[in-house]
Amino acid sequence: MAESPTILVIGPRWVGDMVMAQCLFSALKERHPNAAIDVLAPAWAAPLVKRMPELRQQIDFPLKPGALEFSIRRRFGRLLRGRYDMAYVLPGSWKSALIPFFARIPRRFGNLREMRYGLLTDIVPLPDSVKRRTAQAYFGLAQGGHFQPPHLTVDAGNQKELLIRFDLHPGKFVAMMPGAEFGPAKRWPSESYAGLAREMMAKGFKVALFGSKNDRDVTAEISALAPGVVDLAGKTRLEDAIDLIAAARLAVSNDSGLMHVAAAVGTPVVAVYGSTSPENTPPLAEQRELIWLHLSCSPCHQKVCPLGHLNCLKTLDVAKVAAAADRLLELPTVA
C-alpha cells in the first residue's frame, strides 16, 4: 500500500448521512495520515465537504438518485482510471459499486448488501447490531482507528455577517428544524413546534426556523401560529445554516440532516423521533436530549404512517420537549 494513498469514497445522498460519513473519513485519515481522500457525491454536498478537513475535494455525482444508467457509470468510471488506490462504497446498492469497478481501483471496500461479489474486492462484514446505525456502519468500513463524532468547521466571518443580516445574537436564539426530507412520519406537527417556539420566546430567546425551500409550507404554518419567529427556510445556503446553527444556544429538530449538522458544530440538541429510532441515528453531540415515545408501532421506518394516525408524534406533548430543552438550557455554556 502506498504511503500516500489516494482514496475515493462513494458518498451517500442525504445530508445527515454525509455528516455521519465523517466518522469514516476521520478513521481513514488516522490510518493513512498522508492520504488524499475525495468523495463522489451530489453537488449539494460541496458545502459539507469544504467543512470536513479530512477531505481533499468533492466530485459531482453525474446521475439522479435511483438511476441505473449503466453506460454512464461505465464511462464515468473509465475517466477515473489510474487516479485512486482504494475506494470505499457507502451506499448499499449494487449500482453504487459500479463506478469504482469500472475505474479499476485496486481495492474496493464495502458491505455485501446487494450481493456485490466481484464489484468489491474487500467485503467488510456488517453485524446485525449496526445495520441501521449509520455512523457506526460507515466507521466500520475503515476496519480500524478510533470512532470520532463528526465535527464540521465554522466560517467565523460568514457567521458574523449572517448574524447581523438576520438580527440574531450568539447564544441568544434557539434554532428549530421542523422539516424532514424523508417524509411526514419524521415531522413533529407544526402546531407543536409553534407551541415550543412561543415558550422559548417567553423565556427571552429568539427562535429561528431552518430548512430548505421544500420546508417553507411547514415553517409558514409555524410562523403564523408563533408570531415573532425568524423564518429562514429557503433563505440560507447549506453552509449558512451550518454557521448560524453553530451560534445558537440550542437546536430542536426532527431526525433530519440539520439535526446532525447541529451536533457536528457543537450545539446542544433536542432530537424528536417518530418513525425512526434514536438508538440508530442519534445526534452525536455531547449535550443532547432524545425524545421518543416508544410506542409499540414504532420505529416503523416508513415515510408515511402506515396506520394513518401518526401517534408517535401527534401525541408527543410540547411540555415534554420543553422540559428537555430546559434541561439543556441550564447547562453551562461552553466557551
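This is a predicted model: local features need pLDDT of at least 70, side-chain atom pairs count only at pLDDT 80 or more; totals for chains, interfaces and linings use all residues.

Reader: Got it. And what about α7 itself, which of its residues are buried?
Author: The helix covers residues 156-165, and Asn158, Gln159, Leu162 and Leu163 are the buried ones. Looking down the axis of α7, those buried residues fall within an arc of 135°, so they line one face of the helix.

Reader: What's on the face turned away from the buried side?
Author: Exposed residues: Ala156, Lys160, Glu161, Ile164 and Arg165.

Reader: And what covers the buried residues of α7?
Author: Among the elements doing that are strand β7 (173-177) and helix α10 (238-247).

Reader: Which residue caps the N-terminal end of α7?
Author: Asp155 does. One of its side-chain oxygens lies 3.1 Å from the backbone nitrogen of Gly157.

Reader: Where in the chain are Tyr88 and Phe109?
Author: Tyr88 is in strand β4 (residues 86-89) and Phe109 is in strand β5 (residues 107-110). They're 21 residues apart, so the pair links distant parts of the chain.

Reader: Is Tyr88 buried or exposed?
Author: Buried, because its relative accessibility is 2% and the cut-off for buried is under 20%. Phe109 is buried too, at 4%.

Reader: What kind of pair do Phe101 and Phe102 form?
Author: An edge-to-face one, with 5.4 Å from centre to centre and 65° between the planes. Phe101 is partly exposed at 34% relative accessible area, whereas Phe102 is buried at 11%. Together with Phe70, those two form one aromatic cluster.

Reader: You mentioned strands. In what order do the six strands of the open sheet go?
Author: The order is β3-β2-β1-β4-β5-β6, and the pairing is parallel. The edge strands are β3 (57-60) and β6 (122-123), each of which pairs on one side only.

Reader: How many bridges are there between β2 and β3?
Author: Four, in the parallel sense, with β2 covering residues 36-41. Ala41 stands opposite Asp60, which is in β3.

Reader: Which strands does helix α2 lie across?
Author: Helix α2 (residues 22-31) lies across β1 (6-10), β2 and β4. Relative to β2, the helix runs at about 160°.

Reader: Last one. What is Thr134 in contact with?
Author: Leaving out neighbours within four places in sequence, Thr134 contacts Asp17, Met20, Asn280 and Thr281. Thr134 lies in helix α6 (residues 134-140), and its relative accessible area of 16% makes it buried.

Notes:
Residues are numbered from 1 along each chain as its sequence is written. Side-chain values use heavy atoms; hydrogens and water are left out. Buried means under 20% relative accessible area, exposed over 50%, partly exposed in between (1.4 Å probe, protein chains only). Helices (H or I, at least four residues) and strands (E, at least two) are DSSP runs, numbered from the N terminus. The arc is that of the directions from the helix axis to the C-beta atoms. Contact means heavy atoms within 4.5 Å. A polar contact is a pair of N or O atoms within 3.5 Å; within protein, one must be able to donate a hydrogen and the other to accept it, and residues adjacent in sequence count only if both atoms are side-chain atoms. Rings of Phe, Tyr and Trp (its six-membered ring) pair if their centres lie within 6.5 Å; planes under 30 degrees apart count as stacked, over 60 as edge-to-face and the rest as tilted. Two strands pair if DSSP finds at least two bridges between them. Axes are lines fitted to C-alpha atoms, for helices over the stretch in contact, and angles run from 0 to 180 degrees between N-to-C directions.
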